[in-house]
Amino acid sequence: MKKIAILNNKGGVGKSTVAVQISHGLSKLGYKVILVDLDGQNDSSLFLGITEADYNKTFYDLVDKRSNIKLEDCIIEARENLDLLPNSHIEEINAEFYRESRIDLVLNEKLSDLENMDYDFVIIDCGPQRTRINDAVLCYVDDIIMPVQVEAASVRACGSIYEYLADLRLSPDKITLIIPNMYDQRTKDAKENLEFLQEFFNDKEDIITPPINRRVKITEAGKMGKTVFEYDEEAATQFFNVLERLVKKIG
Ligand SMILES: Nc1ncnc2c1ncn2[C@@H]1O[C@H](COP(=O)(O)OP(=O)(O)OP(=O)(O)O)[C@@H](O)[C@H]1O
Ligand SMILES: [Mg+2]
């Protein structure tokens, strides 16, 4: 079971989009996947077409000490081979995690039942910024996938992930893939920013995937609760290229 975080301190760069497309893509390749939505806005759940009306138990119930809920009771089937663990009360979860003395162990404990289920991948969609929840996620996962918006301010800020990992005394080797997102291949500016990204990471060990273009259809798919595999063939092909790289590196 591979545990992967989709993380970037910056907001709005495509974390939830990438989390959903990677999860559905892996499930379409025959892997058994659970997507853990730890983004307070529930975007990855919504992008899969799953709203609050579809669940009443969430990750919060696993954290709430008054509740006796089992993990399996919080999981919902989103697609074939793709399950979802939704969240609620994200601020309470964050506050509760501040009270935990061993942040490095908290998710191992809360999600321990996953070890006995037959998932190949646990994909965690993270909210932006440094939070206690994201500290816990970074300690828990083996790998980090970082979507970066191909735009000047975002590419310049992407080094902050190294500081974050260093502060938690975690290895930078956890960063497995950088996905350039919202790429506009027509502009010179986008090309320059993509080159900057490649230079910055020195394209070591194929860490940077082929870019995902900026496409209105990707936004539309999210709004409709569909994945690109159900709505946009061109974006689906681009995400399959990313998946190929992912599977080659850690599949
Ligand atoms: N390649 C793309 N082309 C067009 N729109 C995109 C693309 N990637 C993401 N989007 C859209 O951009 C918006 C932000 O994406 P998303 O919610 O995935 O970002 P995020 O990093 O998860 O944001 P947050 O920090 O708020 O969690 C969404 O409306 C999404 O549909
Ligand atoms: Mg998000």
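A nonpolar core is taken here as a set of buried Ala, Val, Leu, Ile, Met, Phe, Trp, Tyr and Cys residues joined through side-chain atoms within 4.5 Å, where buried means under 20% relative accessible area, exposed over 50%, and partly exposed in between, with a 1.4 Å probe and protein chains only. The structure is a predicted model, in which local features need pLDDT of at least 70 and side-chain atom pairs count only at pLDDT 80 or more, whereas totals for chains, interfaces and linings use all residues. Residues are numbered from 1 along each chain as its sequence is written, chains are lettered from A and ligands numbered from 1 in the order in which they are written, and side-chain values use heavy atoms, with hydrogens and water left out.

The largest nonpolar core holds 48 residues, of which Phe59, Leu85, Phe97, Leu111, Ile124, Val137 and Ile178 touch the most other members. Helix α6 (residues 132–140) gives the most to this core, with six residues; helices (H or I, at least four residues) and strands (E, at least two) are DSSP runs numbered from the N terminus. Beyond its neighbours within four places in sequence, Ile124 is in contact (heavy atoms within 4.5 Å) with Ile4, Ala5, Ile6, Val36, Leu38, Val137, Tyr140 and Val141. A second, separate core of 32 residues includes Ile50, Tyr55, Leu177 and Ile218. In soluble globular proteins, nonpolar side chains tend to be buried together.

A charged residue can be followed next. Lys110, in helix α5 (residues 106–110), counts as buried because its relative accessibility is 11%, and its contacts, with neighbours within four places in sequence left aside, are Phe59, Leu62, Val63 and Glu100.

The magnesium ion (ligand 2) has Ser16 (OG) and Asp39 (OD) as its protein donors, lying 2.1 Å from it; donors are N, O and S atoms within 2.8 Å of the metal (3.2 Å for Na, K and Ca), and since water is not among the atoms, sites may look incomplete. Ser16 belongs to helix α1 (residues 15–28) and Asp39 to the loop between β2 (33–38) and α2 (43–47), so the pair ties together parts that are 23 residues apart in sequence. Both Ser16 and Asp39 are buried.

Strand β3 (residues 76–79) and strand β4 (residues 82–85) pair in the antiparallel sense over three bridges, pairing being assigned if DSSP finds at least two bridges between two strands. Arg79 has Leu82 in β4 as its bridge partner, and in the hairpin, with two residues between the strands, Asn81 takes a positive phi near 70°.
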